[in-house]
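Hi everyone, thanks for coming. Today I'd like to talk about charged side chains and how they pair up. Let me put the structure on the screen.

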Amino acid sequence: MCATDRPRIRIVTPVRFTGGVDELIWNAARSARAWLDAANGTDQTELTCRILKLTEEAGEAAGAWIGVLGQNPRKGVTHSHEEVAAELADVVFTALVAIESLGLDARSVVTACAAKVESRIAQ
C-alpha cells in the first residue's frame with residue numbers, strides 16, 4: 001500500500017450545542033471570510049472560487065461515504081460515519097463562508113432557510 005492509498009484519519013470530537021458554540025460557528029465563518037478577503041481579495045473570481053469550493057467539499061463527503069460502503073474493491077472500507085459527518089460539516093462551514101462572502105449574514109440566511117423548511121414540514 002502506498003502512502004497515497006492510506007485513508008486519512010480525522011479525530012471527531014462530539015460537541016453539545018450551546019449559545020457559546022453557536023456564536024463560535026457564526027464568528028468563525030465571519031473570521032474565515034475576513035481571512036480569505038485579506039489573502040485573496042474579493043473580486044468575482046475569488047467569490048466564484050469560494051462557491052466552487054462547495055463542490056470540492058461535497059466530493060470529499062461523497063468519497064468518504066464510498067469509503068464507508070467499501071465501494072472501491074481495491075481499498076475496501078476506509079471511512080467511518082464520523083468521518084463522513086466531519087466531511088459534511090466541512091461542506092456546511094464552506095457554505096457559511098460563501099454566504100458571508102456574498103455580503104450577507106449567514107446566520108440570517110440559514111435561519112430563514114430553517115423557517116422555510118419548518119413551514120413545509122408543518123403543513
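Before we start, one term: buried means under 20% relative accessible area, exposed means over 50%, and partly exposed is anything in between. Please also keep in mind that this is a predicted model.

Let's begin with K53. Its relative accessibility is 33%, so K53 counts as partly exposed. The side chain of K53 meets that of E56 in a salt bridge, at 2.9 Å from N to O. E56 is partly exposed too, with a relative accessible area of 41%. Both residues sit in helix 2, which covers residues 44-69, and they are 3 residues apart, about one turn of the helix.

Now, how many salt bridges are there in the whole structure? A search finds 8.

Here is another one, in helix 1. R33 pairs with D37, and their closest N and O atoms are 3.0 Å apart. These two are 4 residues apart in helix 1, so about one helical turn separates them. R33 comes out as partly exposed, at 24% relative accessibility. R33 and D37 also belong to a network of salt bridges that links them with E46 and R50.

Key. Residues numbered from 1 in each chain as written. Predicted model: local features only at pLDDT ≥ 70, side-chain atom pairs only at ≥ 80, totals over all residues. Heavy atoms only, no water. Salt bridge = Lys/Arg side-chain N within 4 Å of Asp/Glu carboxyl O. Buried < 20%, exposed > 50% of the residue type's maximum accessible area, 1.4 Å probe, protein only.
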